[in-house]
Amino acid sequence: MSRSLKVRWLSDPCKGEIDRVPIEWIENEGSIQGVIHDVFLPPRTRSDAKCDVICEGRRADLIYGDDYKGYNNPRKMLLGTMRIRFTDIDRMNPREMEWKSGNSGSFSKCKAETCVVENLTGDIDDILDKHLSTSRRQLIEARVGQGNSEGDWKSNGKVYALSPESPLAQRCVHPTLNHGV
């Protein structure tokens, strides 16, 4: 898997979990049924979840519905819908994440770190290492598109040098920190 959408939950109901979704699932409009993606649970447990994916416009919905209750419940995965909102219809720059429990109710914004990551393997050490290199502070300080072509990044009037060889520059193509509500 060369590119992934990485979602790290910073609040309940799944605080500390990391979802790794293949970018191929969200590149094109339409739906995919019965796909399985990696989930990394604290402190160092690897699991997976089964869902349907529906992509339309600037959003992608991952639906962990009743059809997959038998698969997801034994893995302690919640039933509901994760909605990722993007800044554009290419769905490569995640803006925020929302969650809706079960089949009813409304979506609620969740605190999450979301980014498109290059070369993310399924190895749990790789996942954890890349999360250390994309901390909340770094995500804010190195927002893509706010610097010049030589690798300087601006944040709140400050300029930070970011080497193209740094793990952050190589791993996070479009980092976003969603503080939720």
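**Group meeting: strands, core and cysteines of a predicted model**

Good morning. I begin with strand 9, which is mostly covered, as 6 of its 7 residues are buried. Please keep in mind throughout that the model before you is predicted.

Which strand is joined to strand 9? Strand 1 and strand 9 run antiparallel, and 7 bridges join them.

Let me now step back to the whole protein. The model contains 12 strands and 4 helices. There are 181 residues, and 45% of them count as buried. The accessible surface comes to about 9,200 Å², with 46% of that area belonging to carbon and sulfur atoms. As for contacts between residues at least 6 apart in sequence, 49% join residues at least 24 apart.

I turn next to the interior. In soluble globular proteins, nonpolar side chains tend to be buried together. In this model, the largest nonpolar core has 28 residues. The residues with the most contacts inside this core are Leu5, Val7, Trp9, Ile26, Val53, Met82 and Met97. Several strands each supply at least two residues of the core, among them strand 1 (3-9), strand 6 (80-86), strand 7 (94-101) and strand 9 (112-118). Which strand gives the largest share of this core? That is strand 4, with 4 residues.

Residues up to four places away in sequence are not counted here; beyond them, isoleucine 26 touches Leu5, Val53, Cys55, Ala60, Phe86 and Arg91.

My next example is tyrosine 71, which is placed in helix 1, residues 69-72. With neighbours within four places in sequence left aside, tyrosine 71 is in contact with Ile36, Asp48, Ala49 and Lys50. Tyrosine 71 and cysteine 51 are 20 residues apart along the chain, and their C-alpha atoms are separated by 9.7 Å.

That brings me to the cysteines. Is cysteine 51 buried or exposed? Cysteine 51 has a relative accessible area of 0%, and therefore is buried. Cysteine 115 counts as buried too, because its relative accessibility is 3%, and the cut-off for buried is under 20%. A disulfide is a covalent bond between the sulfur atoms of two cysteines. How many disulfides does a search of the whole structure find? The search finds 0.

To close, I return to the opening point: strand 9 has 6 of its 7 residues buried, and 7 bridges join strand 1 to strand 9. Thank you for your attention.

Methods. Residues are numbered from 1 along each chain as its sequence is written. This is a predicted model: local features need pLDDT of at least 70, side-chain atom pairs count only at pLDDT 80 or more; totals for chains, interfaces and linings use all residues. Side-chain values use heavy atoms; hydrogens and water are left out. A disulfide is a pair of cysteine sulfur atoms within 2.5 Å. Buried means under 20% relative accessible area, exposed over 50%, partly exposed in between (1.4 Å probe, protein chains only). Contact means heavy atoms within 4.5 Å. Accessible areas come from the Shrake-Rupley method with a 1.4 Å probe; for residues, only the protein chains shown count as cover. A nonpolar core is a set of buried Ala, Val, Leu, Ile, Met, Phe, Trp, Tyr and Cys residues joined through side-chain atoms within 4.5 Å. Two strands pair if DSSP finds at least two bridges between them.
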